[in-house]
Amino acid sequence: MSDISAKSIDARFLEQELRILGVPRGAVVVVHSSLSAFGAVEGGAQAVIDAVLCCVGDAGTLVVPTFTPQVSDPHPQSRAFDDPLADEARRNVSLFRDDLPTPMGAVPSAILSRPGRLRSDHPQASVAALGVRAREITVDHPLVYALGKNSPFDRMYGLGTYILLLGVGHNRNSFLHYAESLTPRHRTKLRRFPALVGRDRLWMEAPDVGDDNGVYFPQLGAEADAAGLIRSKTIGSARCQLMESVPFVDFAKARLDELLGNRNEGS
């Protein structure tokens, strides 16, 4: 019996394995990934990108989250703007810019170095894309509910996007935030970030769906898997999962509505 993890992992091998997993030509695919989960990959993150792009072909589109949580208030519990130490820390927070690095991992960082990629302009929750649907997905990213209605995730849902998890779990599946945003009892948070308004640097606030912190999302992923909504395959040493966003989001929305409703009734 051959040991896949012992084989050379390069772009061609990854492409073959992703095709077996079911990544279709012409699709929009949003990728959440951990490069290190594969083991050694010849060509690194760029090989992963090449493999996905070869799978979807010229008519497809690759999307990755390029979130920038560093563009946030270092003193979120304090509304005072007359504390010298807090003011200094806030002045040192970078404004968002198109080339601002993301801490989301090697693959999103590699996408940002690619010629022709596009990136949405949300200060904290941007996405980057390569392919024919890139502009449609990244344009006009709303500040309010950055992962909700009218966001890139809403557009990707409308395009029937495939969700591809490469070596990561559903705690990294941003579409679950989108699904939760559609429920009437969703959790909320307040984003705070600096922005230029004219020539003035101001601190702005925008509501969004709240963080899960592992409370429901891993459970939802397991339930969706049990319901037959997810295809899984081990590539190298990474567990890789593929799902269609529409049935997955519809399933997650219904379950989150139940789970959040039960939580509110018990509080």
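A cavity here is a set of grid points where a 1.4 Å probe fits but cannot get out, and its lining residues have an atom within 4 Å of a point. All views below show a predicted model.

Figure 1. The structure holds one cavity of 30 Å³ or more. The volume of the largest cavity is about 30 Å³. Its lining consists of Leu-14, Leu-18, Phe-38, Val-48, Ala-51 and Leu-166. Two helices, α1 (11-21) and α2 (44-56), each supply at least two residues of this lining. By residue class, the lining of the largest cavity has six nonpolar, no polar and no charged residues.

Figure 2. The buried residues of α1 are Phe-13, Leu-14, Glu-15, Glu-17, Leu-18 and Leu-21. They pack against helix α2 and against the strands β5, β8 (231-235) and β9. Leu-14 and Leu-18 also belong to the lining of the largest cavity. Gly-22 follows α1 and has a positive phi, near 120°.

**Figure 3. The largest nonpolar core.** In soluble globular proteins, nonpolar side chains tend to be buried together. The largest nonpolar core in this model has 35 residues, and those with the most contacts inside it are Leu-18, Phe-38 and Leu-164. Two or more residues of this core come from each of α1, β1 (28-33), α2, β2 (61-65), α4 (106-112), β4 (127-131), β5 (162-166) and β9 (238-244). Helix α2 gives the most to this core, with eight residues. Apart from this core lies another, of 34 residues, which includes Val-30, Met-156, Tyr-178 and Phe-248.

**Figure 4. Surroundings of Leu-164.** Leu-164 is among the residues with the most contacts inside the largest nonpolar core. Which residues does Leu-164 touch, not counting residues up to four places away in sequence? They are Leu-18, Leu-21, Val-23, Val-29, Val-30, Val-31, His-32, Val-52, Gln-241 and Leu-242. Of these, Leu-18 and Leu-21 are buried residues of α1. Val-30 is listed among the residues of the other core, of 34 residues.

Figure 5. Helix α3 (residues 84-91) has Ala-86, Asp-87 and Arg-90 as its buried residues. These residues lie on the same side of α3 because they cover an arc of only 100° around the axis. The buried residues of α3 pack against β6 (188-197) and β7 (200-209). Exposed residues Pro-84, Leu-85 and Arg-91 are carried by the face turned away from the buried side of α3.

**Figure 6. The largest pocket.** The largest pocket has a volume of about 580 Å³. It is lined by 22 residues, of which Pro-69, Gln-124, Lys-189, Arg-191 and Asp-211 are the closest to its centre. Strand β6 gives the most to the lining of this pocket, with four residues. The lining of the largest pocket divides into eight nonpolar, seven polar and seven charged residues. By contrast, the lining of the largest cavity has no polar and no charged residues.

**Figure 7. Ser-126 in the loop between β3 and β4.** Ser-126 lies in the loop between β3 (118-119) and β4. Is Ser-126 buried or exposed? Its relative accessibility is 0%, so Ser-126 counts as buried. Leaving aside neighbours within four places in sequence, Ser-126 is in contact with Pro-65, Thr-66, Phe-67, Phe-96, Arg-119, Ser-120 and His-141. The C-alpha atoms of Ser-126 and Pro-24 are separated by 25 Å, and the two residues are 102 residues apart along the chain.

**Figure 8. Two asparagines with positive phi.** Most residues other than glycine have a negative phi. Asn-150, although not a glycine, has a positive phi of about 70°. Asn-150 lies in the loop between α5 (134-138) and α6 (152-158), and this residue is exposed, with a relative accessible area of 54%. Asn-213 is not a glycine either and has a positive phi of about 55°. Asn-213 lies in the loop between β7 and α8 and counts as exposed at 71% relative accessibility.

**Figure 9. Pro-218 in helix α8.** Pro-218 lies in helix α8 (residues 217-226). With a relative accessible area of 41%, Pro-218 is partly exposed, because this class falls between the buried limit of under 20% and the exposed limit of over 50%. Pro-218 and Ala-134 are 84 residues apart along the chain, and their C-alpha atoms are separated by 29 Å.

How values were computed: Residues are numbered from 1 along each chain as its sequence is written. This is a predicted model: local features need pLDDT of at least 70, side-chain atom pairs count only at pLDDT 80 or more; totals for chains, interfaces and linings use all residues. Side-chain values use heavy atoms; hydrogens and water are left out. Buried means under 20% relative accessible area, exposed over 50%, partly exposed in between (1.4 Å probe, protein chains only). The arc is that of the directions from the helix axis to the C-beta atoms. Contact means heavy atoms within 4.5 Å. On a 1 Å grid over the protein atoms alone, a cavity is a set of points where a 1.4 Å probe fits but cannot get out, and a pocket is an open set with protein on both sides within 12 Å along at least five of seven lines; lining residues have an atom within 4 Å of a point. Grid points are joined across faces, edges and corners, and a volume is the space filled by probe spheres set on the points. Ala, Val, Leu, Ile, Met, Phe, Trp, Tyr, Cys and Pro count as nonpolar, Asp, Glu, Lys and Arg as charged, and the others, Gly among them, as polar. A nonpolar core is a set of buried Ala, Val, Leu, Ile, Met, Phe, Trp, Tyr and Cys residues joined through side-chain atoms within 4.5 Å.
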